[in-house]
Amino acid sequence: MTVLQNLQERAARQLRRVVFPEGNDERVLRAANRLAENAWAHVMVIGPEDSVPLHANIETIALGDSRWALPCAEQLYENRRHKGLSLAAAVEAVKTEPLLLGALLVKLGAADAGVAGSLATTAS
């Protein structure tokens, strides 16, 4: 068994939730589809276009999604209010910044990990 096969088997046994914040990148969508097709992870993709074909098991999250906007904004507000961030500014940030939304989904436990960097810089 190769190292890659071993990792794939372990991933299938220990299904984790992975969020991809850069859902408008074709490479990200190909990777997300492959993970979902092989049942290596529960895949969450932020912001893909409606016209993009995705595997049926992929959960899509729009920026400003009512399920996550307020809980994520409240978490961001708690994290940054000491720096002067208002709740209104936190709500706006969650609705416009997919990397931030993805990180907050991990912080809240809605996802186990996030994968980004195909479009965003490391600093982002």
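Reader: What makes Asp65 count as buried in this structure?
Author: In this predicted model, Asp65 has a relative accessibility of 15%, and because buried means under 20% relative accessible area, Asp65 is classed as buried.

Reader: Why is the contact between Arg67 and Asp65 called a salt bridge?
Author: The closest N and O atoms of Arg67 and Asp65 are 2.7 Å apart, and since the term requires a side-chain nitrogen of Lys or Arg within 4 Å of a carboxyl oxygen of Asp or Glu, the pair qualifies as a salt bridge. Salt bridges with shared partners also join Asp65 and Arg67 with Glu59 into one network.

Reader: Why is Arg67 called partly exposed?
Author: Its relative accessibility is 43%, and because partly exposed covers what lies between the buried limit of 20% and the exposed limit of 50%, Arg67 counts as partly exposed.

Reader: How do you know which class Glu26 and which class Arg30 belongs to?
Author: Glu26 has a relative accessible area of 58% and is therefore exposed, a class that begins over 50%, whereas Arg30, at 49%, counts as partly exposed. The side chains of Glu26 and Arg30 meet in a salt bridge of 2.8 Å, N to O, and because the two are four residues apart in helix H2 (residues 26-37), about one helical turn separates them.

Notes
Residues are numbered from 1 along each chain as its sequence is written. This is a predicted model: local features need pLDDT of at least 70, side-chain atom pairs count only at pLDDT 80 or more; totals for chains, interfaces and linings use all residues. Side-chain values use heavy atoms; hydrogens and water are left out. Buried means under 20% relative accessible area, exposed over 50%, partly exposed in between (1.4 Å probe, protein chains only).
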